[in-house]
Amino acid sequence: MTLTVISPPGETALPLAAAKAFLRIGHDGEDTLVADLVASATAQLETATGLALVSRVLRQSWRCWPTGFGASGALLRPGPARALTSVTLIDEADSETDLSSLFELVGDRLCLKPSSWLPPIPLGGRVEVTFEAGFGADTDIPADLVQALKSILASAYRRGSDDGIPDEARAIIAARREVRI
């Protein structure tokens, strides 16, 4: 599986003004540092949760269908998956076939529509799934994730480096973990 960013987020998960207010910084002298720390904290939180905080368009590519796809679909990560843009089969000669009408998004899973068939991926070919992931704008991110982001940001700012995820943020991340049965 390969994941490609087609369209990166148009904004940060925590605006600079909000980050500075949280850190109680009243001047512009550390704007670059704070912006870099917000980007780093966002990346740490997204990696730890498997979520995209702010909306972006992604492409997931497979050389073969994931095991069990026909029965339960395939989990699209990072989540939450908001919209399915396209499903394209590409053969070994790079000829494309649009398969979007056969699939639907059910929660964070790409699933076959009822009465649809799972087309084979030819040898040397691949299937590419383009989808929108994320909660939306920065104002749409759930409050607990914003708090975890601020906690990671504050920890990095106080220490002067990225020392990892503080306990408060770890607790929020643990509460959001998906339980698999």
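1. Lys20 is buried, with a relative accessible area of 11%, where buried stands for under 20%, exposed for over 50% and partly exposed for what lies in between (1.4 Å probe, protein chains only). The model is a predicted one, in which local features need pLDDT of at least 70, side-chain atom pairs count only at pLDDT 80 or more, and totals for chains, interfaces and linings use all residues. Residues are numbered from 1 along each chain as its sequence is written, and side-chain values use heavy atoms, with hydrogens and water left out.

2. Lys20 forms a salt bridge with Asp31, with 2.9 Å between the closest N and O atoms; the term covers a side-chain nitrogen of Lys or Arg within 4 Å of a carboxyl oxygen of Asp or Glu. Lys20 lies in helix α1 (residues 16–23) and Asp31 in helix α2 (residues 31–49), so this pair ties together parts that are 11 residues apart in sequence. Helices (H or I, at least four residues) and strands (E, at least two) are DSSP runs, numbered from the N terminus.

3. Arg126 and Asp94 also meet through their side chains in a salt bridge, at 3.7 Å from N to O. Arg126 belongs to strand β8 (residues 126–133), whereas Asp94 sits in the loop between β4 (81–90) and β5 (96–98), and the two are 32 residues apart. Asp94 counts as exposed, at 52% relative accessibility.

4. Arg176 is partly exposed at 35% relative accessible area, and Asp144 is partly exposed at 28%.

5. Across the whole structure the search finds nine salt bridges. Shared partners join Arg59, Asp94, Arg126 and Glu128 into one network.
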